[in-house]
Amino acid sequence: VDDYIDDPLLTYISDHIKKNGGGCSSVRNGDFVGRNFDYFYNEVPTFVIKTNATEGRYASIGVAQHWGITEKNLVSGKCWNDLKYLPNLTLDGVNENGVYINDNVVRIWEGHEVTTGTNPDAELTVHFLYIPRFILDNATSADNAIELIESVNIVGSLKDKYYLHFMIADADNTYIVEACDNQLYIEKKTGNEQVMTNYYVNVPLEDTMYPLGIERMMILQENYDLGSTFDGMYL
């Protein structure tokens, strides 16, 4: 798929979110970045996606999932045509320039929707779900990734107003990117603030329906000095 715009397969994403809700955590600690998924074990297969450099696009490696691709559908051949969409469904990855990105699901509430997009006058429109692929293909650094995000119109069409937010990092910097009220909120993070869970910082706390996301964020921040040794900790 050559563009970064909405496609019909996003229906699978919406159906999954309605079933399981959100429960992802992301953390960057020194040279390590980590995240978990909230899916039921073995519900859908996970694919490692490697893309080669092409003219105007950088090589990358990441993880993708497609909620229509199940073991049963793979055996029957029913979903083989859907495999071509996997590169655009990359959920986290790193490119040849060392730019890393991952996304977590977050819900937008009444009055905080992204209705017109984040930059309606932009020449290029990118769906929330395709931001990781867009950044992996095009970014030369974390700072450049932020410039790219600011230059496009980010839109969402998932049912029930579930969108995504992003952790973007390179060797020097870490950013958290959120969007609500048709605006981007970009924060540079240092120290034990380099954590992202399933709630919006820029939505009033009384409107936040994921208190567990706040709790997980506090646990990660409090144990940040453990580095990559989160033994016994369930995220």
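This note concerns the salt bridges of a predicted model.

1. Overall count. The predicted structure holds 4 salt bridges. Three of these pairs are taken up below, involving R57, R133 and D137 as well as E187 and K189.

2. The pair D137 and R57. A salt bridge joins the side chains of D137 and R57, with an N to O distance of 3.3 Å. D137 belongs to helix α3 (residues 131–138), whereas R57 sits in the loop between β3 (47–51) and β4 (60–64), so this contact ties together parts that are 80 residues apart in sequence. D137 is buried, at 4% relative accessibility, while R57 is partly exposed, at 27%.

3. The pair R133 and D137. The side chain of D137 also meets that of R133 in a salt bridge, at 2.9 Å from N to O. Both residues lie in helix α3, 4 residues apart, so about one helical turn separates them. R133 has a relative accessibility of 3% and therefore counts as buried, under the cut-off of 20%.

4. The network. R57, R133 and D137 are linked in a network of salt bridges. D137 takes part in the bridge with R57 and in the bridge with R133.

5. The pair E187 and K189. A further salt bridge is formed by the side chains of E187 and K189, at 3.0 Å from N to O. E187 is partly exposed, with a relative accessibility of 26%. K189, by contrast, is buried, at 16%.

Methods:
Residues are numbered from 1 along each chain as its sequence is written. This is a predicted model: local features need pLDDT of at least 70, side-chain atom pairs count only at pLDDT 80 or more; totals for chains, interfaces and linings use all residues. Side-chain values use heavy atoms; hydrogens and water are left out. Helices (H or I, at least four residues) and strands (E, at least two) are DSSP runs, numbered from the N terminus. Buried means under 20% relative accessible area, exposed over 50%, partly exposed in between (1.4 Å probe, protein chains only).
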